[in-house]
Amino acid sequence: MIEIQHIAFSYGDHAILHDVSFTAQAGECVGILGNNGAGKSTFITCLNRIRIPAAGEIWVDGKSVQSMSRRELAQTIAYVAQANEMSQATVFDCVLLGRKPYLKWGVSPKDLELCAAMIRKVGLEKLQLRNLDELSGGELQKVMLARALVQQPKVLLLDEPTSSLDPRNQYEMLALVRQIAKEQGITVLIVLHDLNLALRYCDRFYFLKDGTGYRYGGEETVDAQTIESVYGIPAQVMRVENRKFVMIG
Amino acid sequence: MEHLSSPPTSQAYRHYIAGKWYVLLAMLLVTLAAALASLMAGSSGLPLTQVIGALLGLGDPQSLTIVWNVRMPRVATAIVVGIALSMCGCIMQNVLRNPLASASTLGVSQGASFGAAVSIICLGAGSQINSGSGSAAALTITQPYLVTLCAFLGGMITTVVILALSRLRGMTPSTMVLAGVAISAAFSGGTTLVQYFADDVMVATVVYWTFGSLGRAGWSEIALIGLLCLLAFLFFFFHRWNYNALESGIHTAKSLGVPVEVLVPSSLVVCALISSVSVAFVGCINFIGLIACHMMRRLVGNDVRFLLPCTALCGAALLLVSDIICRTLVPPTVLPIGALTSFLGAPLFLYLIIRGGRTA
């Protein structure tokens, strides 16, 4: 479980986030939603102290993130960046990097086995010795997800994990994230732009507007009035075969 | 994660890693072979049996003198300086996220060279002696620690500027190198100015010194560079997983627990130290750091666990081979090694700029 209380962040005098607070339970997927520039990416990078918030507290399973060492924090919260830098590392090398917070001197057989199992789980077994720069966007995102998951985190932060993927890979990726979150009781915070993807794969929704929380809750929070207010565009929300859909315009 | 059973996938990775160990072993053998070849090469050529005999303390006094007093210091200098410069290239490319980075391309060597020139000319840390050839004066460092300190300060000034520039938005690898050209030009101007006020002989000796030579370092200098190289290697190797994480970008590295704000400047300071000390004792030897790292990256990838030791050995081997060429191409003249490494490195450097990619 993650509890976020009154997070604030600014670049110099320019306030990006102010008073962002919510709580998410273990195994829940929370969609972080809002316009470009609303502070979504800044917000999730404040949670694992990639950026240091100016104010606020973050608690994971009752322990303050501020009190954790770098190693402990990396064992608690994993992060997948929006843009991943390509390197000449292989898929296995990249996933093995996720075990870094646990490594002391060398790599143990347990580390190797965990990585191998996770590579199988995301379906990249045949590509395990392929260089990252030879992978498609969808395959690369799965590698990054596997790397984050071998950190054995309690909280997983995903910054627009589907932004460069085709529809099929978008759905496959988020289905995989949701499945693993449920299986392993990981709280997942996902920055998303596609409201229909969010509705399909997230349990709760946090709308950010101009750096502050606008609305937080279950499926009922995704309504035409909220969308119009947050995104500044008209929208229709309808239900088809007991599933909610958003139509913009 | 208890449900995840042990799969056969990790076995394939173990085989893959074994391949990297073979490359490392091969590089060790290549370096040893180059060292032996270097001991054999020279105006009075010694066969392998005589060299091995001399190494074991056997043989005639003449071959013992040639091997231990003339050629071995040169070989040892090539090894430690090659290791120092190539490790610098490897780590600078990693922490600056720049495949064109090395001590010479970013101006660290030129800064160190300026510092050393100031200490020799202005602070009297070196004196000229007759080289024996009758035509040129050679330089001997009388106060190695002062030269080292001044070279380090010169290298550090460049490092601080590079670090500041690397934090600016929009700095690409190529513009960083252009900044290095500007820094180098400033230091070259400074060196020229210092030389302007020196007497003719001193200017000649400093110019000769800037050609780069493996023949002027004595055992105490070799020991100093060697010790610093060892400490630097231990520092870099201790952080090998941090460097590997940095390959994925700064945010990902931070999320994996890498203290990026401390690691990047401290790594650059260590790089500045070992490259500056090398420059102080052997002059500017360009491109070794750039070439060695790119050659090894082709064979072992970006994994710093293997890239760092392989690059270090490759740098040593390259410098040994370059030195053999310099000594045997136009005997008995010994060509300046800095010129040769520049000839070898410039085409690769141009290729990398034209290609403009992140990796070679």
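In this predicted model, the buried residues of helix α5 of chain A are covered by elements that include β6, α3, α4, β7 (155–159) and α6 (167–184) of chain A. Helix α5(A) is mostly covered, with 10 of its 13 residues buried. Chain A also holds an open antiparallel sheet of four strands, and 34 of its residues are in contact with 29 residues of chain B.

**Helix α5 of chain A**
- Helix α5(A) runs over residues 137–149, and the distance from its first C-alpha to its last is 18 Å, close to the 18 Å expected at 1.5 Å a residue.
- The buried set consists of L140(A), Q141(A), K142(A), V143(A), M144(A), L145(A), A146(A), R147(A), A148(A) and L149(A).
- An α-helix has 3.6 residues a turn, so residues three or four places apart point the same way.

**The sheet of chain A**
- The strand order is β2-β1-β4-β5 (chain A), and the pairing is antiparallel.
- Strands β2 (14–24) and β5 (63–64) of chain A are the edge strands; each has a single partner strand, so one side of each is left without a neighbour in the sheet.
- Five bridges join β1 (residues 2–11) of chain A to β4(A) in the antiparallel sense; in this pairing, Q5(A) has E57(A) of β4(A) as its bridge partner.
- Strand β4 (residues 55–60) of chain A pairs with β5(A) over two bridges, also in the antiparallel sense.
- Across that pairing, V60(A) stands opposite K63(A), and W59(A) stands opposite S64(A).
- The hairpin of β4(A) and β5(A) has two residues between the strands, and D61(A) in this hairpin takes a positive phi near 50 degrees.
- In general, strands of a sheet pair through backbone hydrogen bonds, either parallel or antiparallel.

**Contact between chains A and B**
- The contact involves 34 residues of chain A and 29 residues of chain B.
- On the side of chain A that touches chain B, α2 (70–76), β6 (77–80), α3 (91–97) and α4 (109–121) of chain A each supply at least two residues.
- Helix α4(A) gives the largest share of that side, eight residues.
- By residue class, the side of chain A that touches chain B comprises 19 nonpolar, seven polar and eight charged residues.

**Chain B**
- Chain B has 14 helices and two strands.
- Of the 360 residues in chain B, 50% are buried.
- Among contacts in chain B between residues at least 6 apart in sequence, 78% join residues at least 24 apart.

Definitions and conventions: Residues are numbered from 1 along each chain as its sequence is written. Chains are lettered from A and ligands numbered from 1 in the order in which they are written. This is a predicted model: local features need pLDDT of at least 70, side-chain atom pairs count only at pLDDT 80 or more; totals for chains, interfaces and linings use all residues. A residue is buried if 20 or more other C-beta atoms lie within 10 Å of its own, exposed if 12 or fewer, and partly exposed in between; C-beta atoms are placed from the backbone. Two residues are in contact if their C-beta atoms, placed from the backbone, lie within 7 Å. Two strands pair if DSSP finds at least two bridges between them. Ala, Val, Leu, Ile, Met, Phe, Trp, Tyr, Cys and Pro count as nonpolar, Asp, Glu, Lys and Arg as charged, and the others, Gly among them, as polar. The expected span of a helix is 1.5 Å times one less than its number of residues.
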